[in-house]
Amino acid sequence: MRWIQDDREFAAVLNRAHQLTTGGPKAEAQMSVLVFDDVVLLTPSFFSLLVLLMKCSSDKAVSYVVIQPDPISYFHRFFGKYSALEISDGDSAEEYLMILNEDPGDSPADAVGINFGVAVIVPDSGLWFAQVSHSADDDGGQLWVPLAWVAEIISAHPYLHAKEPQLVS
């Protein structure tokens with residue numbers, strides 16, 4: 001688990017996040033959208049889901065990036081780093097929860113797992129992605145996955161349910 005600090009790497013992750021969340025090539029009819037309560041993001045169960053998704057897609061890591069508030073004009077400006085993390089398949093749930101709740105620099109309330117309007121989780125493969133926004137209802141998280149994975153994923157994570165997608169760009 002690490003902060004993404006390289007400018008080019010961050011730009012590539014941010015670009016991939018924007019492409020996927022605005023209806024990019026992978027967000028088509030062959031995908032199913034599973035919805036979850038945004039608070040699940042900060043649980044060991046969600047980390048377990050990420051590990052399962054990495055296994056299904058053969059990804060060794062995924063990127064977590066906050067796209068609202070703006071990661072450059074807000075987060076980088078105030079904290080000198082991007083609101084983006086790399087989560088690897090060898091990381092632990094404890095590390096995952098610790099980094100999402102980590103004080104970015106004299107402002108614990110700005111932890112990337114807490115202060116976000118929209119956060120996106122993207123693998124290098126682009127075979128799936130998650131978009132999470134705070135919601136008063138239980139539908140702030142959307143997980144886009146191939147139809148073939150749905151039964152296995154819901155069986156392992158029954159808090160997920162199908163619903164019509166509503167992308168935030």
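This is a predicted model: local features need pLDDT of at least 70, side-chain atom pairs count only at pLDDT 80 or more; totals for chains, interfaces and linings use all residues.
The model has an open sheet of eight strands, in the order 1-4-3-5-6-7-2-8, and the pairing is antiparallel. I then asked which strands stand at the edges. They are strand 1 (2-3) and strand 8 (161-162); each has a single partner strand, so one side of each is left without a neighbour in the sheet.

Strand 8 runs antiparallel to strand 2 (residues 31-36), and two bridges join them. Here I found Leu34 opposite Ala162 of strand 8. Arg2 stands opposite Glu86 in strand 4.

**Strand 4.** I stayed with Glu86 and checked its other side. Glu86 is also the bridge partner of Ser63. Strand 3 and strand 4 are antiparallel and share five bridges. I noted that strand 4 is mostly covered, with four of its five residues buried.

I listed what helix 1 touches: strand 1, strand 3 (61-68), strand 4, strand 5 (118-123) and strand 6 (129-133). Helix 1 packs on the sheet with its direction at about 75° to that of strand 3. Helix 4 (residues 93-100) lies across strand 1, strand 3 and strand 4, and runs at about 175° to strand 4.

**Helix 2.** I checked the length of helix 2 (residues 44-57). Its 14 residues should span 20 Å at 1.5 Å a residue, and the end C-alpha atoms are 20 Å apart, so the two agree. Its buried residues are Phe46, Phe47, Leu49, Leu50, Leu52, Leu53, Met54 and Ser57. Ser58 follows helix 2 and has a positive phi, near 60°.

**Aromatic residues.** How many aromatic pairs does the structure hold? I found eight. One of them is Phe10 with Tyr82, which is stacked, at 3.9 Å centre to centre and 5° between the planes. This pair links distant parts of the chain, 72 residues apart: Phe10 is in helix 1 (residues 7-21), while Tyr82 is in the loop between helix 3 (71-79) and strand 4 (84-88).

Last, I looked at what sits over the ring of Trp3. It is the charged end of Lys81, 4.1 Å from the ring centre.

Note on methods
Residues are numbered from 1 along each chain as its sequence is written. Side-chain values use heavy atoms; hydrogens and water are left out. Rings of Phe, Tyr and Trp (its six-membered ring) pair if their centres lie within 6.5 Å; planes under 30 degrees apart count as stacked, over 60 as edge-to-face and the rest as tilted. A charge sits over a ring if NZ of Lys or CZ of Arg is within 6 Å of the ring centre and within 35 degrees of the ring normal. Two strands pair if DSSP finds at least two bridges between them. Contact means heavy atoms within 4.5 Å. Axes are lines fitted to C-alpha atoms, for helices over the stretch in contact, and angles run from 0 to 180 degrees between N-to-C directions. The expected span of a helix is 1.5 Å times one less than its number of residues. Buried means under 20% relative accessible area, exposed over 50%, partly exposed in between (1.4 Å probe, protein chains only).
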